[in-house]
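Let's take a friendly walk through this structure, from the overall picture down to single residues. Please keep the sequence and the model at hand as you read.

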Amino acid sequence: MTEKEEHVNDEVVQTDEMIEPSEEAIDAAGISEAEVEKTEIELLQEKNNELEDQFLRARAEIANITSRNRNERETLQKYRSQDLGKKLLPAIDNLERAMAADVGEEQAANLKKGVEMVLESLRQALKEEGIEEIAAEGVSFDPNLHQAVQTVPATDEVPADTIVNVLQKGYKLHDRVLRASMVVVAQ
């Protein structure tokens with residue numbers, strides 16, 4: 001053997017002696033070799049259990065992050081048209097007011113027909129995006145969907161908390177209110 005190989009062998013022997021207690025040390029401590037191996041196995045099992053626990057926690061955290069991101073993307077996709085809806089609603093209001101105007105001449109009737117067509121195409125575009133009108137007249141008042149701006153006395157025909165008139169229509173995007181209906185409520 002070369003001098004280098006002898007040096008490496010000496011280091012390996014010294015390392016083995018550091019890792020494994022000598023028989024003399026085991027006998028002096030009054031511990032059997034089987035007990036030492038059992039203790040080493042228990043330590044390795046504890047370390048294994050600890051690493052497995054860390055692994056399972058990391059896997060659960062990754063699953064939670066993935067689920068949270070998927071839910072956020074779905075919500076963003078579902079409500080992407082919210083700003084568009086809010087911008088178009090005043091135009092629809094104005095078109096509806098134009099439709100409510102009385103016309104007497106033939107030219108005004110043609111103009112009204114054109115406005116009707118524009119209004120219908122706007123309503124269809126909103127419907128395709130998931131924007132719907134909130135039902136209001138004749139239904140029970142719901143503060144989540146309706147904004148009461150005036151009250152009138154309740155009668156036998158109109159019970160309390162019933163909407164008797166809609167001053168401005170409300171709209172919602174799926175289940176989110178874009179604008180509450182402005183209504184008159186019987187009290």
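A residue is called buried here when its relative accessible area is under 20%, exposed when that area is over 50%, and partly exposed in between, with a 1.4 Å probe and protein chains only. By that rule, buried residues account for 18% of the 187 residues in the protein. You are looking at a predicted model, so local features need pLDDT of at least 70 and side-chain atom pairs count only at pLDDT 80 or more, while totals for chains, interfaces and linings use all residues. Residues are numbered from 1 along each chain as its sequence is written, and side-chain values use heavy atoms, with hydrogens and water left out.

Now for the surface. The protein exposes about 14,300 Å², and carbon and sulfur atoms supply 51% of it; accessible areas come from the Shrake-Rupley method with a 1.4 Å probe, and for residues only the protein chains shown count as cover. Contacts give another overall view, a contact being heavy atoms within 4.5 Å. Among contacts between residues at least 6 apart in sequence, 64% join residues at least 24 apart.

How many helices and strands does the protein have? There are five helices and six strands, where helices (H or I, at least four residues) and strands (E, at least two) are DSSP runs numbered from the N terminus. Read from the N terminus on, the elements run α-α-α-α-α-β-β-β-β-β-β.

Which residues of helix 4 are buried? They are Gln82, Gly85, Leu89, Ile92, Asp93, Leu95, Glu96 and Met99. An α-helix has 3.6 residues a turn, so residues three or four places apart point the same way. The cover over the buried residues of helix 4 includes helix 5 (106-128), along with strand 1, strand 3, strand 4 and strand 5.

The strands come next. Strands of a sheet pair through backbone hydrogen bonds, either parallel or antiparallel. Two strands count as paired if DSSP finds at least two bridges between them. Axes are lines fitted to C-alpha atoms, for helices over the stretch in contact, and angles run from 0 to 180 degrees between N-to-C directions. Strand 1 and strand 4 (residues 171-173) pair in the antiparallel sense over three bridges, and glutamate 133 stands opposite tyrosine 171 in strand 4.

Another open sheet of three strands has the order 2-6-3, with mixed pairing. Its edges are strand 2 (146-152) and strand 3 (163-168), each with a single partner strand, so one side of each is left without a neighbour in the sheet. The twist averages 30 degrees from one strand to the next. Strand 2 and strand 6 pair in the parallel sense over six bridges, with histidine 146 opposite serine 181 in strand 6. Strand 3 and strand 6 (residues 181-186) pair in the antiparallel sense over four bridges, with glutamine 168 opposite methionine 182. Five of the six residues of strand 6 are buried, so strand 6 is largely enclosed by the rest of the structure.

Glutamine 150 lies in strand 2 and, at 44% relative accessibility, counts as partly exposed. Glutamine 150 touches Val183, Val184 and Val185, leaving aside residues up to four places away in sequence. Aspartate 161 lies in the loop between strand 2 and strand 3, while histidine 174 lies in the loop between strand 4 and strand 5.
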